[in-house]
Amino acid sequence: MTVAAATGLPAWLVESRLAAAEESATKSMSGINRPHVALIGCGGMGKWDASNAANYGDVVAVCDVDADRAEEAVTELAKDRKAPEVVRDFRQIMARDDIDVIVNATPDHWHSLVNIAAARAGKDVYSEKPLTLTVREGRRVVEEVEQAGIVLQTGTQQRSSLRFRMAVNFVREGRIGKLRKMDVWLPAGLREGPFAPEVVPDNLNWDFWQGPAPMRPYSPKRTHTFFRYWYEYSGGTMTDWGAHHIDIANWATGFEAPSRVFGQVLTEPIPGGYTTIPEYDVRYTYPDGVALNVHSTKADSIFGAPVIEDGQRNGILFTGTEGWLWVNRGQIKASSRDVLRRDANATTSQREMSGDHMGNFFDCVHSRQRPICHAEVGHRSASMCHLGVIGLRTREPLNWDAKAERFVGRHAAEANSYLSAEMRAPYDLSFVG
Ligand SMILES: NC(=O)c1ccc[n+]([C@@H]2O[C@H](COP(=O)([O-])OP(=O)(O)OC[C@H]3O[C@@H](n4cnc5c(N)ncnc54)[C@H](O)[C@@H]3O)[C@@H](O)[C@H]2O)c1
């Protein structure tokens, strides 16, 4: 009780934390065939991830700050297996010895605190993308994960897709010559508003939902699904879809990050409505001069985006000195058949192999190896998207120091102010011990 009072944490959390600390040195997953899993955040993605995780472990608990959402998840998950228990505060999950693995499918502004709580409780996490809301949070998550020795997989599942992996390997092997330029098309965001405040429904704990984000009047347009279009909780389609396609483009370069970014706003948000930029073009430049142009699909690109023949403007186009390669979730195409040849003797295609993102995570839960999208990978790919968002918010050409993880040169002061976000008390780092 004395410790609880001193830390300001609930007694049950402090007690379990002390007990966990005593056991952590000896705890091993090696004897557990089917780890016990808890889902935190029961939206569409959470239910999907939890069903997927149920192939490898037993989902024993679900948690949501919206009671209706938690019940929906129980109904869905109980269809062909034992019904999971409902928990209201995710810290109660962290305190339990019988839960080994967390699926974190909360909105982006909650990702870091839940992941840090899991690290501190010694639980492995499958965390949805983008790994964090800000660059600074990302570095902190990496440090906490490494210090705790937990396994964290970021939910950027395109890295485990054969099609995207082939594209990256072929580009790196030089099959389109020297890489010159990459174009990424992402869906444009929503441009709606203004939204009038509404009465908070009984089933939702609106204060807890907002958590570390600033307190705002309730609107359904701020919560489920729509959180993506508010900078308080996310980054618009730059981070939502960018976490997938920009991640793949960056993976192909072999660089951790570009050295320059310049965002162009094509459509302004409506005052009082969603705050993220709906239509945009963002140009990144890598240290070797390779350009990465990110276009929102409704946009008539001011950088002269080429039109993909089949009109599928959602994907990645790699252009090299000797050809091009286009990849998205439905297809892979190239300037010649030879670019896409399957080479039985290829050694490089074995690079960073994973054919099943959730399976790769659970393999690592057992083996204690790092999964394909471990925390540093997730952090760097989220950072790419955050840089683009900051480019759009400052509307200035910016220089990025990837080693120091900060902007340098002109406009750096303003840009650096977007690298972190203040966490609203009590939902700061002390909330998770
Ligand atoms: N990997 C992918 O392809 C993919 C696809 C869609 C969504 N996502 C990601 O998954 C996450 C969830 O997306 P969604 O579309 O399911 O969102 P959603 O808004 O539908 O669901 C999020 C749920 O989390 C709950 N929640 C909020 N704060 C919580 C807290 N502190 N504790 C417990 N529950 C809390 C909400 O009440 C809500 O039910 C996002 O980060 C999103 O980027 C990934």
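Residues are numbered from 1 along each chain as its sequence is written. Because the model is predicted, local features need pLDDT of at least 70 and side-chain atom pairs count only at pLDDT 80 or more, while totals for chains, interfaces and linings use all residues; side-chain values use heavy atoms, with hydrogens and water left out.

Start by selecting strand β4, residues 101–104. Helices (H or I, at least four residues) and strands (E, at least two) are DSSP runs, numbered from the N terminus. Val101 and Val103 point one way from β4, Ile102 and Asn104 point the other way, and all are buried (under 20% relative accessible area, 1.4 Å probe, protein chains only).

Valine 37 has valine 101 of β4 as its bridge partner.

Next select strand β5, residues 124–127, paired with β4 in the parallel sense over 4 bridges. Here isoleucine 102 has valine 125 of β5 as its bridge partner. Follow the chain from β4 through helix α6, residues 108–121, to β5: this β-α-β crossover is right-handed (with the strands pointing away from the viewer, the path from the first strand over the helix to the second runs clockwise).

Move to arginine 91 in helix α5, residues 90–94. Arginine 91 is buried, at 10% relative accessible area. A polar atom of its side chain lies 3.2 Å from the backbone oxygen of phenylalanine 431.

Finish with cysteine 364, buried at 5% relative accessible area, and cysteine 385, buried at 0%. A search of the whole structure finds 0 disulfides (pairs of cysteine sulfur atoms within 2.5 Å).

Definitions and conventions. Buried < 20%, exposed > 50% of the residue type's maximum accessible area, 1.4 Å probe, protein only. Pairing = 2+ DSSP bridges. Polar contact = N/O pair within 3.5 Å; in protein donor to acceptor, adjacent residues only side chain to side chain.
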